[in-house]
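Hello,

Here is the structure I promised to pass on to you. Have a look at it first, and then read my notes below.

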Amino acid sequence: MSALGRALAAEQVKLRHTLAAWMVVLAPMLVVLLSVLQISLSRLHGPSSLSGQEAWMRFANGLFVLWVFLMLPLFVTLQAALLANMEHGPQTWKHLLALPLPRWSHYAAKLFVLAAMVVTATALLALATPLAGWVIMHTQPAFGIAGPAPWRWLAVHASACVAAAGLMIALQAWVAMRWQSFTTSVFVGVAGTVAGFLIGQSARFGPWFPWSMPVQVLARQSTHLVQVVVVGLVGGVLMAIVGLWQFDRGEAG
């Protein structure tokens, strides 16, 4: 087994029955549940003027906006802090780095796990969207959802949102492993999320700010879709390389 494979296997064992593991399921399901409850309990005045597919798109877009604008940045913040705190909390970095594995493999394993959590949670949101729409068909027919779910739209936009979040993921992972304080990691993530609410509304700066780049995928005109996907992926890779280099040369935490 490769060094990275062994480090990943160790992370898998440490994640069993932890809050970080449960959050992969709980975070997207909470978004779905809140959206279904909000629509089901709303008082709509008459049937929707939208077609069945337009209502589907309206619902799916609303779910994903809530996910990428609020839940995803906070999810990445919490998950990165929890993954790093597995070593920061019990002060096990020195023991971990004394093992016969390259130093970089431990950083790479945690970054890979964080990225995999984001991919899995976003995929679960996309898969749960048709089920949520089916529920709304019965609890709130006036909303107008009808016909098949927009599977292609869900697949494309879920993938694009994850790609656009690449730089944010790499930055948050670096902060969480660079500083020992759990509070520091959470503060950076929450500050980025709040700033993203404001900067994300700017056509000039929104497509470049890591915490607001994913929401640009869902903009009506989608003029920055390719840009945020490319910047998210390339920036994420470059930031990961910087983090790996720094971790390999310095002390953890």
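**Helices that cross, and a cavity**

Helices here are DSSP runs of H or I with at least four residues, numbered from the N terminus.

Before going on, please keep in mind that this is a predicted model, in which local features need pLDDT of at least 70 and side-chain atom pairs count only at pLDDT 80 or more, while totals for chains, interfaces and linings use all residues. Residues are numbered from 1 along each chain as its sequence is written, and side-chain values use heavy atoms, with hydrogens and water left out.

**H1 and H5**

The axes of H1 (residues 3-15) and H5 come within 8 Å and cross at roughly 55°. An axis is a line fitted to C-alpha atoms, for helices over the stretch in contact, and angles run from 0 to 180 degrees between N-to-C directions. H1 passes H5 in a right-handed crossing, meaning that the near helix is turned clockwise from the far one by less than a right angle. On the H1 side, the contact (heavy atoms within 4.5 Å) includes Leu4, Leu8 and Glu11, and on the H5 side it includes Trp104, Ser105 and Phe112. By class, this contact of H1 with H5 has eleven nonpolar, one polar and three charged residues. Nonpolar covers Ala, Val, Leu, Ile, Met, Phe, Trp, Tyr, Cys and Pro, charged covers Asp, Glu, Lys and Arg, and the others, Gly among them, are polar.

**H5 and H7**

H5 (103-139) also meets H7 (166-178). Their axes come within 10 Å and cross at roughly 135°, and H5 and H7 are therefore oblique to each other. The crossing of H5 and H7 is right-handed. Among the residues that meet are Tyr107 and Val118 in H5 and Ile169 and Trp174 in H7. The contact of H5 with H7 has ten nonpolar, no polar and one charged residues.

**The cavity**

How many cavities of 30 Å³ or more does the structure hold? There is one, and about 40 Å³ of space lies in the largest cavity. On a 1 Å grid over the protein atoms alone, a cavity is a set of points where a 1.4 Å probe fits but cannot get out, and lining residues have an atom within 4 Å of a point. Grid points are joined across faces, edges and corners, and the volume is the space filled by probe spheres set on the points. The lining includes Ala80, Lys110, Leu114 and Met177. H3, H5 and H7 each supply at least two lining residues, and the lining divides into eight nonpolar, no polar and one charged.

Enjoy exploring!

Methods:
1 Å grid on protein atoms, 1.4 Å probe; cavity = no way out; pocket = protein on both sides within 12 Å on 5 of 7 lines; lining within 4 Å. Parallel < 35°, antiparallel > 145°, perpendicular 65-115°, else oblique.
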